[in-house]
Amino acid sequence: MTKTILITGATAGFGAAMARQFAEAGWRVIGTGRRAERLRAVADEYGADRFHAAAFDIRDAAAMDAALSSLPESFREIDVLVNNAGLAIGNAPAPRAKLEDWLTTIETNVTPLVRLTHKLLPKLIERKGLIVNLSSVAATYPYPGGNVYGATKAFVTQFSLGLRSDLHGTGVRVTSIEPGLCETEFTLVRTGGDQAASDALYKGAHPLTADDIAGAVLWIANLPPHVNINRLEVMPVSQSWLGTQIFRDPQE
């Protein structure tokens, strides 16, 4: 039986890689995102029977509802929800951060994920489906400038665990994916399009790729229904942990 997956943020990075990997594996894929032309390119590649493009801003509740209400009949039975859409804006320490950037990060990473999950829960329970939420190692390991971005991802991780508990006995599986350093458009967005900053971050680090994370999600989705991966933390071999910071008073 052909299954259906809905992936938010399918226009780039993890989402685009997942859309292609799942389509190639024979799934029906609903891809959402703001950039309609990128979604159309995937639809042209795989055909309307394999990929449905739903172009809208994930922060627009009315647009989300309209897109879900207008799904073609063959795409309405959703088995897997991947809450992937998200961003970070700016990497300044808290005293210099812009409140607008913080609010945009929260309104993108948290509120739409909660709204979409709540809306699709009845269908996912009916079909004993799977919810995959894209968190980050930033949810666990804080770093200077991570502030609100890390906090939103900590919410995603904890919300995933809470869902897992609340859905006990329903057959619905829930997974939090927590990637480390991965070369996508993430840093370009965070730095306002600074390609040099992006190149410098990833140079020589052999970071993860979007396909690495997409492959992990495809593996999870294809596991037997009695197997749940609660949390999956993934880093490149080149990345590990620093010690805690110590401030030394220069007057002493």
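In the predicted model, the largest cavity is lined by T8, I58, N83, A85, T108, P112, L113 and L116. This cavity has a volume of about 50 Å³, and its lining divides by class into five nonpolar and three polar residues, with no charged residue among them. Helix α5, which spans residues 111-126, provides the largest share of that lining, namely three residues.

Helices α4 (99-109) and α6 (147-166) each supply at least two residues of the lining, and α6 gives the most to the second largest cavity, with three residues.

Helix α1, formed by residues 13-24, packs against helix α9, formed by residues 210-221, at an angle of about 50°, and the two axes lie 8 Å apart. The two helices, α1 and α9, are therefore oblique to each other, and α1 passes α9 in a right-handed crossing. On the side of α1 the contact is made by G13, F14, A17, M18, Q21 and F22, while α9 contributes A210, D211, I213, A214, G215, V217, L218 and A221. The residues of this contact between α1 and α9 comprise ten nonpolar, three polar and one charged.

Key. Residues numbered from 1 in each chain as written. Predicted model: local features only at pLDDT ≥ 70, side-chain atom pairs only at ≥ 80, totals over all residues. Heavy atoms only, no water. Axes fitted to C-alpha atoms, helices over the stretch in contact; angles between N-to-C directions. Helix = DSSP H or I, 4+ residues; strand = E, 2+ residues; numbered from the N terminus. Parallel < 35°, antiparallel > 145°, perpendicular 65-115°, else oblique. Left-handed = near helix turned anticlockwise from the far one by under 90°. Contact = heavy atoms within 4.5 Å. Nonpolar A, V, L, I, M, F, W, Y, C, P; charged D, E, K, R; others polar. 1 Å grid on protein atoms, 1.4 Å probe; cavity = no way out; pocket = protein on both sides within 12 Å on 5 of 7 lines; lining within 4 Å. Points joined across faces, edges and corners; volume = space filled by probe spheres on them.
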